[in-house]
Amino acid sequence: MAGSMNEPVLEVRELSTSFFTDDGEVKAVRDVSFDLAEGGTLGIVGESGCGKSVTALSILGLVPRPGRVVGGEILFRGRDLLSIDREELRQIRGRDIAMIFQDPLSSLNPVHRIGAQIEEAMRAHDKVAPRDVRPRGLDLLRQVHVPDAARRVRNYPHQFSGGMRQRVMIAMGLSNRPEILIADEPTTALDVTVQAQILQLLRDLNRDLGTSIILITHNLGVVAGLCSRVVVMYAGEIVEQGSTEQIFDAPQHPYTWALLRSLPRVDADRHERLRSIEGLPPDLIAPPTGCKFNPRCPFRLERCFSEAPELKPVGDGQVAACWVTMKRAYAEMGAGSLLDTRAGAASGVRPPAVPLPLAITGGSQTAGPEPLERE
Amino acid sequence: MSRASSFIGGEAVPKVTRGTLVYIIQRLAIIALTLLVVSFVVFVVVHALPGNAFISQRVHGKTLQLLLHEYGLDQPVLIQYWNFLKGAIHGNLGVSLYIRGEAVTPLVLRELSVSCELGGSALIITIGMGMTFGVLAAIRQNTWVDYLLTSIAVIGYTVPSFVIAGLGVMIFANFLGSVTGGAFAYSPVWTGTYGTIGELWLPALAIGFYTSGQITRITRASMLEVIQQDYIRTARAKGLRERVVTIRHALRNALVPVISILGTTVVGILVGVLVIENIFGIPGLGKEFVESILQHDYNVTVGVFTIFALLIGLSNLAVDLIYTVVDPRIRY
Amino acid sequence: MATTVTPWSEYEGGTLARQQVGLWRDGLRRLRRNRLALAALIYLGLLACVCLLSLFWTPYNPNLIGVCPTYALPGTPGHPLGCDDLGRDLLSRLMVGSQVSLAVGLITAAIVMVLGVGIGLLIGYLRGVADAIFALIINVFYGVPPLMIAIVLYVLLGPGVINIIIAIAAASWMDMARLVRGQTLSIREREYIEAARAGGARTGKILFSHIFPNALGPIIVQTTYVVPAAILTSAFFSFLGFGVPAPQADWGGMASEGFSPLLAGFDPYILLWPAIALSVTLLAFNFFGDGLRDAFDPRQRR
């Protein structure tokens, strides 16, 4: 393992990616920055559509049309991946940085045998000698605990179960022993028990091979199981970043806080309602002004409607982008005993009157839920 | 791993199981049944046609009666068919009525080989041109390449083949001939039984243009759909070269809809053969078919029909078998 | 930017819901925007006008021999398109030729639609034995090129435009029947059919009031494709010598007459004009069909 332990293996700086559709520019990723430590495990969490997958795709230059990276730097071993030529990027893909995807059934070519697909990944690069390709393929399958590897190597993807397919994908991803493995929702399409096995597998691989891992998911439980650092994304931006302990024990951004609250708990009172976050993610073509979370935030202030907060340190190595932060919310707004989490419920702040261009079918322009009496 | 086997995805030969053999036998049985029905229907219809080969040759009276009896034409149709069938099973399709005494089977077989030469060339053009255009149009979607190739395809499958043939003759025979003073002209005259390459290419192109248009269209549409699929993204993420992604991953999966219209394509080629042979005077089955109808030469007509039906049945079976090679999820 | 009124959702900054537009109105709107299909429609309209006109008047009598020197070139005064090998005016013949093509195309399509829809609905709804027989017939029909079937039928029936129509229709109805059968099979499983049956509706009423209207989209699109196919087949017919009896002009026949002079090295115009007319007409029908299909394809809703 070359390189000092202090230098991150991947540095993402102010990455911005947009999709140029007929309806306008969809700003999918805006000014995202994070580091991946060597041998580290980073989790990127957020709802569907928050830009986490697009961020990952941007790293490898796999953003589909009509999308395009529009700004930023991605430093891998000191080279900016956004400015190298296509052939160099192609060589890095699969060899130095590998990516595995969410649905292994649709992500594997259905008409090729899986042995051929794994071997293909190796033959495309020159890290593994040609005569070692086939034995290494078998070896990889065994490493990911695919039983009866010698026979199953000739099977087609549809002959495997979901969990097995994902293992095959992991084997394929690791075949050239990359420095970084990006896993985009690797467990979302799988049963819970299989999820645990896959996560365990990734943990072992990270520990034994030293592969740095970026794990993308909307499931906080998965993050807790595998990652040491977490990045929380909302509407294409990072709203909070920190170590896993910090994020889980003391989340500072209201969104992170709400996410953690919304996890159904086995030990919760049966009569407690499920605590989801009210509202929907914003339109990325014309997002709200100010903090993008303001339409759903219980703790919003007037400032949140006009000024977008920047990431500021809120702990040792923890940053959050919020004018309020949970520290204040607990202290001043009674967040600890809050039952009504509708927008503005805790702070009592309504959005300012804004002239709207189109007529509405009823309801006032500044309609918002009346904050309930706090119990 | 050879290029071919990597295209197939690991191994060139799929396993032939007992199920496969059963399926083949079932299909052959259906083909036989179809041939039976087709030959019967055609036989009866053709015998119901007014006039016969002898009358058109101005034979009448006593000679006519003799000839009719000699060729068994004075017997009821069903008996005639039964006789025909008995002979057909042994490969004897009767004798031509127009050219007295000439056995139908060798005649038809010889013309079949000519038509196969023409049709086969057309098929090569169809698949080669069609798929290449389709793939190119798909990967360069919405560029001038796409518009050009798609337009060519549209013209191909809309415009009648004789128009293409006519255009070809106009440009390559007359125009070229007048410009180069007769040195480099295409000669639309077919020499010998099998012609030469120089005489084959234009008729084959005239036929193939039509069917390749259909193939281009389907290949393009199928490729466009396949390119969106997740496994293409995986292939790129593995760091494969773009050409490998296009051919080994995208095209390979895009083939299934293309294969499924191959059956129709073969029929289209047969229709084209019919027409083009008559235009260029190529001594194949198509020309024979038309002549035999005009000459009331029943046995030949039935023979040609039967051969066509056999060709179509076999090609459909071949297409269904090719499916198993292309898509390993399909097994019989 | 959207020009339709978009009602706000309840949450400020939430995603906006667009108003739902009906399938037919949406389809017509998209069809109007498809310029290729519109151009095709305009051309077809003009063609129809020329065809109707030719019933009453043409510059010269199309069948009259010797109105101009044989093989006269286009541009000869009085004969903008030239004359054929028998001295007949090509423009007049071209105009009259449209009658046969359009008649055959449209009437065949109508017959195919009625036949195919009728049979398809019945087979799809009743299934069972009828379906098995249908499958058998279809297999036999598909075993032979339709052109051959049509030719044999035509020879059996004897010359004449009506018989051409019958022959081509008899060889073309299978595709429509298959399409309608497929549609019927899937539509009959829907809940409102079960509701109608439970309400005691008779089979006929179910077929025509419920199933048929829902399958109408693909049926119309398919019919638009039958027209050029029929015109093409009739052109082949004439070309091979099985067409309308002389001296009635028709595009396929004209093309056929034009081929021998071409092969002999003469000027191509006798072949060229009907070839262009045929090609453009076929293209127009195909483009219009494509436009219809794209406009009403539910998968492309915006």
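**Sheet in chain A.** I started with the open sheet of chain A: eight strands in the order 6-7-8-3-9-10-12-11, with mixed pairing. I noted what counts here: strands (E, at least two residues) and helices (H or I, at least four residues) are DSSP runs, numbered from the N terminus, and two strands pair if DSSP finds at least two bridges between them. This is a predicted model, where local features need pLDDT of at least 70 and side-chain atom pairs count only at pLDDT 80 or more, while totals for chains, interfaces and linings use all residues. Residues are numbered from 1 along each chain as its sequence is written, and chains are lettered from A and ligands numbered from 1 in the order in which they are written.

Which strands sit at the edges? I found strand 6 (97-100) and strand 11 (312-315) of chain A, each pairing on one side only. Next I looked at strand 7 (residues 180-184) and strand 8 (residues 212-217) of chain A, which run parallel and are joined by five bridges. One detail I jotted down: Ile180(A) has Ser212(A) as its bridge partner in strand 8 of chain A.

**Two helices in chain B.** I checked how helix 2 (residues 18-48) and helix 13 (residues 298-326) of chain B cross: their axes come within 9 Å, at roughly 155°. Axes are lines fitted to C-alpha atoms, for helices over the stretch in contact, and angles run from 0 to 180 degrees between N-to-C directions. So helix 2 of chain B is roughly antiparallel to helix 13 of chain B (the label is for angles over 145 degrees).

**Chain C.** I counted 10 helices and zero strands in chain C. Of its 302 residues, 41% are buried, that is, 20 or more other C-beta atoms, placed from the backbone, lie within 10 Å of their own. Helix 7 (residues 191-198) of chain C lies largely in the open, because the number buried among its eight residues is zero. After helix 7 of chain C comes Gly200(C), with a positive phi near 90°.

I looked up the contact (C-beta atoms, placed from the backbone, within 7 Å): 29 residues come from chain C and 33 residues from chain B. Which helix of chain C gives the most to this side? Helix 10 of chain C does, with seven residues. By class, the side of chain C that touches chain B has 24 nonpolar, five polar and no charged residues. Nonpolar means Ala, Val, Leu, Ile, Met, Phe, Trp, Tyr, Cys and Pro, charged means Asp, Glu, Lys and Arg, and the others, Gly among them, are polar.

Notes
A residue is buried if 20 or more other C-beta atoms lie within 10 Å of its own, exposed if 12 or fewer, and partly exposed in between; C-beta atoms are placed from the backbone. Two residues are in contact if their C-beta atoms, placed from the backbone, lie within 7 Å. Angles under 35 degrees count as roughly parallel, over 145 as roughly antiparallel, 65 to 115 as roughly perpendicular and the rest as oblique.
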